[in-house]
Amino acid sequence: MTATRRRTVAFGLALLTYVLLLLGSLAILSGGGVTGVMPRALVALLPVPAAVAVVAVSVDQFLANDELQQRIQLNALVVAFLGTLVATFSWGFLEGVGVERLSGFVVFGMLIVLYVAGLALARRRYR
Amino acid sequence: MKNQLRVLRAERRWSQEDLAHALGVSRQTVNAIETGRYDPSLPLAFRIAHVFANPIEAIFEPEPLATTNER
């Protein structure tokens, strides 16, 4: 198995584990079998180790990329970071006039979308 | 930066994939260097020179520097 394929498999397994743990924790919490703040908090945090594994595999993949691929990834991250920064700041101003608060999950989703867009733009630049 | 990568590669009948494998980079990187859209780092430029057994100056031609009057 090549190193690239090994990383892809590792990423897939980490992501699958995250999804399963997330669904499991949601099922446990909605089932009502766990009571008390601390136990419920521990169940809610079950997916976090798998999320850390996803991050670790992603960092490993980034470091294994060649210099141009790393530059493209960094370009995409800059677009995602600055775009999300502007969007969330703007939403913050709207919250000042009574608009509903922005969920962290929405911010994360925005980050992903802008990252993908930034990746497409950066790849096109070096094609 | 202009370069002779495509010419040197063609002389050896290498594909971009072959050269990418020899340099330890992706085919996209080789293509970006050949089309002048990306200038390689110094370590990569030295690896390219080593693979083609040519000095760096024979492979890469820097853009002319602007003179004092032009600035």
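## Close-up views of chain B and its contact with chain A

**View 1. The buried residues of helix 3 of chain B pack against helix 4 of chain A and, within chain B, against strand 1, helix 1, helix 2, helix 4 and strand 2 (60-61).** Here, buried stands for under 20% relative accessible area, exposed for over 50% and partly exposed for anything in between, with a 1.4 Å probe and protein chains only. Helices (H or I, at least four residues) and strands (E, at least two) are DSSP runs numbered from the N terminus, and contact, here as in later views, is heavy atoms within 4.5 Å. This is a predicted model, in which local features need pLDDT of at least 70 and side-chain atom pairs count only at pLDDT 80 or more, while totals for chains, interfaces and linings use all residues. Residues are numbered from 1 along each chain as its sequence is written, chains are lettered from A and ligands numbered from 1 in the order in which they are written, and side-chain values use heavy atoms, with hydrogens and water left out. Helix 3 of chain B is mostly covered, with six of its eight residues buried. Look here for Thr29(B), Val30(B), Asn31(B), Ala32(B), Ile33(B) and Glu34(B), the buried residues of the helix. Just after helix 3 of chain B comes Gly36(B), which has a positive phi of about 75°.

**View 2. Asn31(B) sits in helix 3 of chain B.** With a relative accessible area of 18%, Asn31(B) is buried. Its side chain joins that of Gln16(B) through a polar contact of 3.2 Å. Such a contact is a pair of N or O atoms within 3.5 Å; within protein, one must be able to donate a hydrogen and the other to accept it, and residues adjacent in sequence count only if both atoms are side-chain atoms. Leaving out residues up to four places away in sequence, Asn31(B) touches Arg6(B) and Gln16(B) in its own chain and Arg127(A) in the other.

**View 3. Asn3(B) belongs to strand 1 (residues 2-3) of chain B.** This residue, too, is buried, at 16% relative accessibility. The Asn3(B) side chain reaches two backbone atoms: the oxygen of Ile33(B) at 2.7 Å and the nitrogen of Leu5(B) at 3.1 Å. Beyond residues up to four places away in sequence, Asn3(B) touches Ile33(B), Glu34(B), Ile59(B) and Phe60(B).

**View 4. The largest nonpolar core has 24 residues.** A nonpolar core is a set of buried Ala, Val, Leu, Ile, Met, Phe, Trp, Tyr and Cys residues joined through side-chain atoms within 4.5 Å. The members with the most contacts inside this core are Leu5(B), Leu23(B), Ile33(B), Ile48(B), Phe52(B), Ile59(B) and Phe60(B). At least two core residues come from each of helix 4 (67-95) and helix 5 (104-125) of chain A, and from each of helix 1 (5-11), helix 2 (16-23), helix 3 (27-34), helix 4 (42-52) and helix 5 (56-59) of chain B. Helix 4 of chain B gives the most, with five residues. Setting aside neighbours within four places in sequence, Leu23(B) is in contact with Val30(B), Leu44(B), Arg47(B), Ile48(B) and Val51(B).

**View 5. Chain A and chain B bury about 920 Å² between them.** Buried area is the accessible area (1.4 Å probe) that two parts lose on being put together, summed over both. Carbon and sulfur atoms give 44% of it. The rule finds eight residue pairs in polar contact across this interface, both residues at pLDDT 80 or more. On the side of chain A that touches chain B, helix 4 and helix 5 of chain A each give two or more residues. The largest share, five residues, comes from helix 4 of chain A. By residue class, this side of chain A has three nonpolar, one polar and six charged residues; Ala, Val, Leu, Ile, Met, Phe, Trp, Tyr, Cys and Pro count as nonpolar, Asp, Glu, Lys and Arg as charged, and the others, Gly among them, as polar. The count of salt bridges between the two chains is zero, a salt bridge being a side-chain nitrogen of Lys or Arg within 4 Å of a carboxyl oxygen of Asp or Glu.

**View 6. Chain B runs β-α-α-α-α-α-β from its N terminus.** That makes five helices and two strands. The C-alpha trace of chain B spans about 45 × 20 × 20 Å along its principal axes. Of the 71 residues in chain B, 35% count as buried. Among contacts in chain B with a separation of 6 or more, 53% are between residues 24 or more positions apart.
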